[in-house]
Amino acid sequence: MKSSFRKQRGHAVLMFILMIPALFGLFTLAIDGSRAMQNKARLGDAAEVSALALAAQNSDSDWENKQLATRYIDAYIKDKESIESIKVVRTECKASQQTDCEGGTRYNQYAIEIVTKHSPWLPAQDGMVGFDGDYEVAHSGIARKYQGDSIDISFVVDYSGSMENYWKGKRKYIAVRDIVNNVLNELEKYQGVGLTPNRVSIIPYSEYTDKSPTEGITDCRFEDQLEQCEDDCIDTYNQCVSSCWNNGCRNKCARRLNSCQRSCDREYDERRKPLGFVDELRYFGDQNKVDTGSTLATLWQSKANDRDMVCNFMRYEENRSYRFYNVPFTDRFESVKDDLYEFRPGGWTGSYQGIIKSAQYFERLDSPNPRQLMVILSDGIDNVERGTFANGVPTASLVRAGMCDVIREKLNARKTADNRPVNFQMAFVGFDYRIQDNKALSDCVGRENVYDAADPDELLDIILNLISEEIGHLK
């Protein structure tokens, strides 16, 4: 028995030795095969993420697209010999009606095909089983950027004196200007994609907003009042003369007539320079106490056309001026950038002025876009010059009286030129102060639409996120 066992043990050893090449071949195939499968999976992830990134970037430059895809491939697959090929195909649907596109919405689509080359860790050699030289892995991905409806955006920007102060190493008004320019650059990418162009309006405010020299009443002559005053002078003269019996009395009446007419000239015929700013508030008789009811009743009326405000209202300082002005809605973004470059801060803070003026500009649009967004930017709570108002800063009272609700209700009731509903939204973005202290603006826009920016980069991200869902989404 022992001799038979020893003979079988020798056979087993011999059989094992003969099987070693086959076992090693299985080992090498398992190692490099699993690695090839892993590279295939990683390349699939890289292709999918690259397609999403390409759709988000939405560039029509093949070179830019391949450079972006290469960065993702390099990040996902480290142990490759080379990227053999990258093919990016961009297609789009710009149908005049959204329902003409597949899926019912206009889109840009990016399809990517990637091939990479790899070297095996244990290649076949000297009769050993394994991968016979380098091998290639291929994968593809596809993503679409759906284009949302065109949008009208109004930036209601704080230009009070505190915007001269520094914030994270840059003056606040310059930081905000740069941010708005970046947003305009992003919107520019989507011009021509929607049925109508995106539009932007800029409403700078301090304690007032600006009235441009060509807006509303530009000449404070009072022709009707002058004529009536002169008629009254003549009536008085005639009454005086009718009671006279000698030349001395008539001469006295004539002197009175001349004095009366000169008084009319002084009061009504002098070319008074119109105020260069607009106050959207209405006041009680003492001109120092805000009439909230009258203010809301005239909310949609341009005060630039109100002669009492522009020419007569003695409450205002006629020499007050600002180095900023309102920019009505436009799709010429380069001109908006030029305007912003001219603006400089000055004055106190009255956000309600900008909100009301912005709402008027929205309401004036004959053909509103389906999406409308008012973005209120402020570096502090409303704090107008002490003593200006007998009943305190009116922001909270205007909000409690329903100012923001009236604006939302009016603008959300509108229709586009092709009879689609308009979706109007208000958002408040505060920076460089405790926004929880600004309860009035928070109540105005709603708590869910209040944002706190810690630095300029975050402020830009907030604004871009606000408009991103309006101008498109990835799939």
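The structure is a predicted model, in which local features need pLDDT of at least 70 and side-chain atom pairs count only at pLDDT 80 or more, whereas totals for chains, interfaces and linings use all residues. Residues are numbered from 1 along each chain as its sequence is written, and side-chain values use heavy atoms, with hydrogens and water left out.

Together with Asp224, Glu227, Asp231 and Asp232, Asp235 forms a negative surface patch. Such patches are made of residues with over 30% relative accessible area and no salt bridge, like charges being joined within 9 Å. A salt bridge here is a side-chain nitrogen of Lys or Arg within 4 Å of a carboxyl oxygen of Asp or Glu. Asp and Glu count as negative, and the place of the charge is taken as CG of Asp or CD of Glu. Accessible areas come from the Shrake-Rupley method.

**Disulfides**

A disulfide is a covalent bond between the sulfur atoms of two cysteines. The criterion applied is a pair of cysteine sulfur atoms within 2.5 Å, and by this rule the count comes to 6 disulfides. Among them are the following.

| Disulfide | S to S distance | S-S torsion |
|---|---|---|
| Cysteine 240 and cysteine 253 | 1.7 Å | about -75° |
| Cysteine 244 and cysteine 249 | 1.8 Å | about -60° |
| Cysteine 404 and cysteine 444 | 1.9 Å | about -100° |

The torsion of about -75° means that the disulfide of cysteine 240 and cysteine 253 is left-handed. This pair links distant parts of the chain, with cysteine 240 in helix H4 and cysteine 253 in helix H5 (residues 247-269), 13 residues apart. Both cysteine 240 and cysteine 253 are buried.

The disulfide of cysteine 244 and cysteine 249 is left-handed, given its torsion of about -60°. Cysteine 244 is buried at 9% relative accessibility, whereas cysteine 249 is partly exposed at 26%.

With a torsion of about -100°, the disulfide of cysteine 404 and cysteine 444 is left-handed. Cysteine 404 lies in helix H11 (residues 403-412) and cysteine 444 in helix H12 (residues 439-445), so the pair ties together parts that are 40 residues apart in sequence. Cysteine 404 is buried, with a relative accessible area of 2%, and cysteine 444 counts as buried at 0%.

Definitions and conventions. Patch = residues over 30% accessible without salt bridge, like charges linked within 9 Å, V, L, I, M, F, W, Y side chains within 5 Å. Areas by Shrake-Rupley, 256 points an atom, 1.4 Å probe, with all protein chains shown as cover. Helix = DSSP H or I, 4+ residues; strand = E, 2+ residues; numbered from the N terminus. Buried < 20%, exposed > 50% of the residue type's maximum accessible area, 1.4 Å probe, protein only.
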